[in-house]
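Please look over the sequence and the model shown here. A short report on the fold follows them.

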Amino acid sequence: MKDTKREVLIEAAPHRLDAVYKEVITDNALEFLAQLVSEFDDDVERLLQARTRRRLLVEEGKWIPKFENQSEDLEWSIDELPERLRNRKLDLGDVSPANTVHFIDCLYADVQGIQVDFDDGHCPTWRNTILGISNVTRAVRGTLQGAPADVRSYPILMLRPRAFNMIEHHCIVNGKEVIGPLFDFALLMYHNARAMVNLGIGPYFYLSKIEDPSETQLWNRIFCWTEHRLGIPNGAIKACVLIENILAAFRMEDILYSIKDHAIGLNCGIWDYCASIVAKFGKRDAYLLPDRNKYVNMGQPFLRNYMRLLINICHKRGALATGGMAAKVLPFGKDKPALSDEEIIESVKLAKSVEIDAGVDGFMIYDLRMVDAINELWQRRIHTENQLNVLPNVENITASSLLAIPKGGVTIAGLNNNITIALLFIYHWLTGSGIFFLNGAVEDSATAEISRSQLWQWIRMGAPIEDKEGTIVTRRLVYQMLDQTISTAYRAWCITPPDRKRLLSSKYMLLDIISSRNYIEFLTTHLNDSHKFR
């Protein structure tokens, strides 16, 4: 590491990225980073300690599900949205800006926004982080080679920094490694905020893994501090908060209120949300989450009520409510799926029509090739910018209904699916990729989280297997199926010694995670902190 300032130590440039590194890691940018970290690092520490205390309350049985929102009875609404944020029907999700070719392709897409992802769809190697920030900066400045000439013609860049559970191990400020989202936010804002404001294209953010209103209050203070330091208008920064934690679902109104001067709205994230139920309550029999492919979908009351409540809270406060990402993708190259392109697209349209009927103002897809079909769906169903006029009836939604887990067991196919996704996610992370494709879908850290969470819980609970009478999930069974998966990979695609070594490392990392006595809160934190990754 080289000492650039007294209080900042930062890793040298990644291999063959010297020019890019010099654009991103400037003395002034590091000074801004150091100031922001010095201002808010203690607050983040308190936030993380509060999460630990909350988890202990849940484990001790002292937390009960109840809606506890002090802002509920107040008269308030969010600030009026800028014109380009009023129509949020379609975003492209999981777009890592470090994947330069895909990022540039997305800039040409006929969509309202791009989730420029440093979180779920991104693997935070030092190379990826520096390249991603550089590509965003070049795009905003109009100097990204191959991008559209007119920066204002881009879809809105919805920047998603890492969540508070992630650390940037390559940077130390005041003797401590920097919290990941502060690193991402500081450099993205220093290089792009003024230009985005002048162009009328931001800066706009997604905020992930929020658990409590105190956390969005902290983000609101960070936004205000940044606006003042960079000389941009108050309220110029806007953010959409992902409600992907079960505890946050009971505090949605206060979460939105805490950031109302900078709010766009709230977003549903089904798989991280379900994983958080296992994280908080997974040791109890009543919260055994069954086979997700068979029993867990937006038609289930516990998820349907969560979405209806989110839409109601957003719309009565003038905020937008958005749904999750359709992960299905059309086949590539010589792939021979069971369904035709048209059938795949129709299945996505059918699933997303449920969300449109519920009243969402938008959602995400991954596959650029589906954009025209999904735009046609929106044009046919909705003739206004958004659905703020739709106010779902939530009178009969109780706090306990959000934790009414559907009954059901496990199937061998579901068990194998979870093993494969969790294993291959770790494998691809070790290659530097935050996503991979499997069985006609894009898989990211959200699906990996729910997959490994269910494996841990099913082993812990001895979950019954429906299609194998008298059999329960055990660690031995999971180990056997995992070895079968690896043997198949060795014969099919995992041929070279380095790939096989990486897959074997992934196996042992996964075994540690699903065998842990206590649930490991975040898969990506565990991987990010591992010497195998770094």
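## Basis of the model

This is a predicted model, in which local features need pLDDT of at least 70 and side-chain atom pairs count only at pLDDT 80 or more, while totals for chains, interfaces and linings use all residues. Residues are numbered from 1 along each chain as its sequence is written, and side-chain values use heavy atoms, with hydrogens and water left out.

## Domains and annotation

The protein is divided into domain 1 (18-400) and domain 2 (410-529), with bounds from an automatic or database domain assignment. The centres of the two domains, taken over C-alpha atoms, are separated by 26 Å. Their contact (heavy atoms within 4.5 Å) takes 41 residues from domain 1 and 39 residues from domain 2.

An unreviewed UniProt entry places the feature "domain: Malate synthase N-terminal" at residues 17-62; positions are in the numbering used here, feature names are shortened, and annotations may be inferred rather than shown by experiment. The span is 87% helix and 0% strand, and its end C-alpha atoms lie 51 Å apart. Helices (H or I, at least four residues) and strands (E, at least two) are DSSP runs, numbered from the N terminus.

## Helices H2 and H5

The axes of helix H2 (residues 27-59) and H5 come within 9 Å and cross at roughly 140 degrees. Axes are lines fitted to C-alpha atoms, for helices over the stretch in contact, and angles run from 0 to 180 degrees between N-to-C directions. H2 and H5 are therefore oblique to each other; angles under 35 degrees count as roughly parallel, over 145 as roughly antiparallel, 65 to 115 as roughly perpendicular and the rest as oblique.

From H2, the residues Asn28, Ala29, Phe32, Leu33, Leu36, Val37 and Val44 meet Leu182, Phe183, Phe185, Ala186, Leu187, Tyr190 and His191 of H5. The residues of this contact divide into 12 nonpolar, 2 polar and no charged (Ala, Val, Leu, Ile, Met, Phe, Trp, Tyr, Cys and Pro count as nonpolar, Asp, Glu, Lys and Arg as charged, and the others, Gly among them, as polar).

## Helices H3 and H4

Helix H3 (residues 100-107) and helix H4 (residues 126-141) have axes that come within 11 Å and cross at roughly 30 degrees. H3 and H4 are therefore roughly parallel to each other. Thr100, Phe103 and Leu107 of H3 make the contact with Leu131, Asn135, Val136 and Ala139 of H4.

## Two loops

Pro203 lies in the loop between helix H5 (180-199) and strand E8 (204-207). The peptide bond from Gly202 to Pro203 is cis, with omega near 5 degrees.

Asn174 is found in the loop between strand E6 (167-173) and strand E7 (176-179). Although Asn174 is not a glycine, it has a positive phi of about 55 degrees.
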